[in-house]
Amino acid sequence: MQPLCVNEQRVVPFLSRPTLPALLLPTGLHLFSSNAICRSPALLQALYMAVLQGKGSEVSTVLQGPLKFLDQSLSKGGMPYLTGVQYPHVQQFYLSVFSCYIYLPQEGKRNILVTSALPYVNNVPHLGNIIGCVLSADVFSRYGRLRGWNLLFVCGTDEYGTATENKAREEGLTPQLICDKYHAVHSSIYKWFQIDFDFFGRTTTEKQTEIAQDIFWRLHKNGFLVEDTVEQLRCEQCQRFLADRFVEGICPHCKYPEARGDQCDKCGRLINAVELREPQCKVCRQTPVIRSSKHLFLDLPKLETQLEQWLEKSTSTGDWTTNAKQITRSWLRDGLKPRCITRDLLWGTPVPHPDFKEKVFYVWFDAPIGYLSITANYTDEWEKWWKNPHQVELYNFMAKDNVPFHSVVFPCSLLGAQDNYTLVSHLVATEYLNYEDTKFSKSRGVGVFGDMAKDTGIPADVWRFYLLYVRPEGQDSAFSWADMALKNNSELLNNLGNFINRAGMFVTKFFEGCVPVMELQQEDKKLLALVGWELQQYIQLMDKVKIRDALKHILNISRHGNQYIQVNEPWKNIKGGDTERQRAGTVTGVSVNIACLLSVMLMPYMPEVSQTIRNQLNAPQSCVSTMLQGNGTFVCSLCAGHRIGTVSPLFQKLEADQIEALKKRFGGQQVFDTPQSAASTQPAAVPAPAAAVEVVTVNGVDPEKAKQLTQAVAEQGDKVRALKAQNAEKAVITAEVAKLLDLKKQLALAEGKSPEPAPQKGKKKK
C-alpha cells in the first residue's frame, strides 16, 4: 500500500467533491476521503502505518470483502455511509484516524450549520419529501462548500413515537427492528440521490437521551415546565393509555361513527378523545375507560416575550422564506398556549423525572433535539456548533408543515434551557409538491417514491434537475411526467447538453483536441460580460437560497452559448483563410471555457454530470475553487494548448412511449368517482336502536377499492390535522375537509354501506 504523490492531479467521476487519491490499495483501488486528507502527508503516513501494523484489522477485513468499504463508502462522502448498525466498529476506527479532520467552526470563516428536517423513519420518502428537505439542503450545502464556507450538513431518521409502534405492530417486529430496517432504506435512497451529508444519523441513541434529558432538567430548573392533569382514554385490555391514533368512536357533534381521538373527519370539528361516544381501542376493539394522567407542559406563554424578541432579530437579519414568517406569525397572533411534552407511550426518550418515570417525551419536543444528538455522534465537540450563536449560522430546511415546531416550539425549548444554544438564523421552507393532479400515496401506488426512482432507468442527476426545476418555492407545484420529459429534452438535451457537446467536439474535430488561441473581439467581450452577469445573478440567488431561480441562470448561459455558436458558425470559418480560422478558434475557445464554467455552476444541482463534463474537458481542479468566489469570477481555466479528454453526449432523450409507460406504472388506481349505476343509489337510511349505529348495506362491495380508499382517508385525515395544528387559513382547511368527506363517502360505497351515518332513534328534530 503506497501513498500517492499529493500533487498528482487525479480525480474520479463518482466523487461528490473532487478530491485527490490518498492511498493506492493492493487491489488496485484508491482510497479517497471527502476531508482532503491527501493534503497532509503526515496523516497519510500515520494511516498507512496503522493499517500495516494491524490497528485497523476490522477495516482491513472490510477492504478485502465484497463491500469494498473504502471505495464505496469513504470515496462517496465518507461519514454518511459509516452510520447505522452496519459499520459501528469501522466508524469508530475512521473517527479515531480522521478526528483532526472533523469539521468544526473556525475563527475568521463563515461557519454554516445546515440541517434537513429529520424524515420519519417508517415512511419511505416520496419525491415531495425529497425536494422539500434533503435535496434542497444538499444543493445549498454543496454550493456553500464551493463558496469556501466552513460548512457542516447533518440529518438523520426520526425514530421515536406512536407511528413507529404502529408500524412495528403491523409488521410483527420490535420498534427497534423497524427503525433499523427503515433507517437502512432511507440511507440507500439518499445515497442514490447523491445527498452529500457530512453525517446521517438517527435519534435512537444514547446521545439523544443524554441531551434531551439535560434540556428537560434545565427547563425544569428555570421554571418553564408546568404540571397538569389530563383525562385520557385507557384500554385495560392493552394496559395502556390511548394516543389519538389508537382510538375512534362516534362524533359528539355530527354522530359520524368513525371520528378519531382528536378530530372528526366528517364535520371537521376538533374534539377531545374523552368526548367520543362509544369509543373503541383500534388495537383490540375493546371499550376504553376514562382515567386521569398527569403530564408536563412547556410553558410557552412564559417564554413568549423572549421568543418574540429573538424572532424579530432572526427574521429581519436572516433569510426566512415568506411562508415560514407567515406561519410563525399565525401561531403568535392569538397568544401561545402551554404545550404538552410528555406522552404515555413505551417507545421514546424516557422522562427522567421520578414522578413521570413511565412516560416518554412527546416526539415534537424530542425530535428537533435530534439535530444536536446527531451532531454529537459526529463529534464530541458538538457544542462548538450548537452552543456558539455568535460564530455559527444555522440553516433549517423543511416543508411548510414543520415550520411551527422549528420557529416556535424548539426555539422556546432552547431559550428556556438558558445554555447559549445556537438558534436558527435562516428558516427555509418549501410549499408542497403534488404528483400530477393528485397526492402521493404508497398504498395506492400513486406517485414515485425514493426506492422506485432508480428502477425507472432515468439517472439520479436528471431526477435532481427536474425536482429542483419545479421546486415549490412560492406556491405548491406538481410533478408531471410530460413536463419532466419536456424539460429533459428541451433544457438538458437540446440546450445545455447540446452546447457543451458542440464546444468540446469543435476542439476535438477542428483543433486536434487542444484549446486554440483566442483573440477576443467586441462580440466576444459582450458575451463574456453577459455570462459574467448571469454568474453574479446565480450567486446572489443561491446566497439567498433561491435554488429554483438560480438554476434558470445556468440554462440562460448555455442558451447564450448556443446562440453565439450559431451566429459565428465555426464549422464554416474553419474551412476559410487564416482570419476565418482564427475566428473559429476564438469562438471554440470561448465556448469550451463557458462549458467549464457551467460544469462548476452545475455541481450543486447535478454533481455526476458536473464531474463528467470536467472529465471530458480535462479541467484543472483550480476551476472549482475560483469560479464562485466573491461575486463570481469567470476565469479562463482552459488556456490555449490545453488538451481536453474524450467528448460524448451528456443526456439521452426521454421518448413519449417510455414516459407514457412510466406514467401508467406510477398512476395507481386513482378512479374513485362514485359510479353512476344502481350500485351508487343511496337507499333511505334505516333507523337504528338508541346509542347504536346500524350499518346499512348496499350492492357493489369492492374490497380492494375499499382497502385503497381506507389508506387515502387516513392520509387525507393526517393532512387536515397538520393544517389545523399550524393554524392554517380556514378556507384551506375547509377545502381539505371537503376532500376528506368525499373520500369517506366513496369508502362507504366501496364497503357496501350508506355514505351517511344512520339516524339515531328517538332523536327529534328541533
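Two strands are taken to pair if DSSP finds at least two bridges between them. Helices (H or I, at least four residues) and strands (E, at least two) are DSSP runs, numbered from the N terminus. The model is predicted, so that local features need pLDDT of at least 70 and side-chain atom pairs count only at pLDDT 80 or more, whereas totals for chains, interfaces and linings use all residues. Residues are numbered from 1 along each chain as its sequence is written, and side-chain values use heavy atoms, with hydrogens and water left out.

The chain contains 26 helices and 19 strands. Of its 766 residues, 57% are buried, where buried means under 20% relative accessible area, exposed over 50% and partly exposed in between (1.4 Å probe, protein chains only). Contact is defined as heavy atoms within 4.5 Å. Among contacts between residues at least 6 apart in sequence, 76% join residues at least 24 apart.

An open sheet is formed by four strands in the order S8-S7-S12-S13, with antiparallel pairing. Strand S8 (240–241) and strand S13 (339–340) are the edge strands, each pairing on one side only. Strand S12 (residues 289–298) runs antiparallel to S13 and is joined to S13 by two bridges. Phe-297 stands opposite Cys-340 in S13. A parallel pairing is found between strand S5 (residues 150–157) and S6, over four bridges. Val-154 has Phe-199 in S6 as its bridge partner. Strand S6 (residues 199–202) is covered on both faces: Phe-199 and Gly-201 on one side, and Phe-200 and Arg-202 on the other, are all buried.

Helix H9 (residues 300–317) and helix H14 (residues 403–417) have axes that come within 9 Å and cross at roughly 100°. H9 is therefore roughly perpendicular to H14. Axes are lines fitted to C-alpha atoms, for helices over the stretch in contact, and angles run from 0 to 180 degrees between N-to-C directions. Angles under 35 degrees count as roughly parallel, over 145 as roughly antiparallel, 65 to 115 as roughly perpendicular and the rest as oblique. On the H9 side, Leu-300, Leu-303, Gln-306, Leu-307, Trp-310 and Leu-311 meet Ser-407, Val-408, Pro-411, Cys-412, Leu-415 and Gly-416 in H14. By class, this contact has nine nonpolar, three polar and no charged residues (Ala, Val, Leu, Ile, Met, Phe, Trp, Tyr, Cys and Pro count as nonpolar, Asp, Glu, Lys and Arg as charged, and the others, Gly among them, as polar).

A nonpolar core is a set of buried Ala, Val, Leu, Ile, Met, Phe, Trp, Tyr and Cys residues joined through side-chain atoms within 4.5 Å. The largest such core has 174 residues, and those with the most contacts inside it are Ile-215, Trp-463, Trp-481, Tyr-538, Tyr-605 and Leu-628. Another core, of 14 residues, lies apart from it and includes Leu-242, Ala-243, Phe-246 and Val-247.

Ile-112 is found in strand S4 (residues 111–116) and is buried, with a relative accessible area of 0%. Its C-alpha atom is separated by 6.1 Å from that of Leu-394, 282 residues apart along the chain. Leaving aside neighbours within four places in sequence, residues in contact with Ile-112 include Phe-140, Trp-149, Trp-385 and Tyr-395. Thr-174, in the loop between helix H6 (162–171) and helix H7 (175–192), is partly exposed, with a relative accessible area of 40%.
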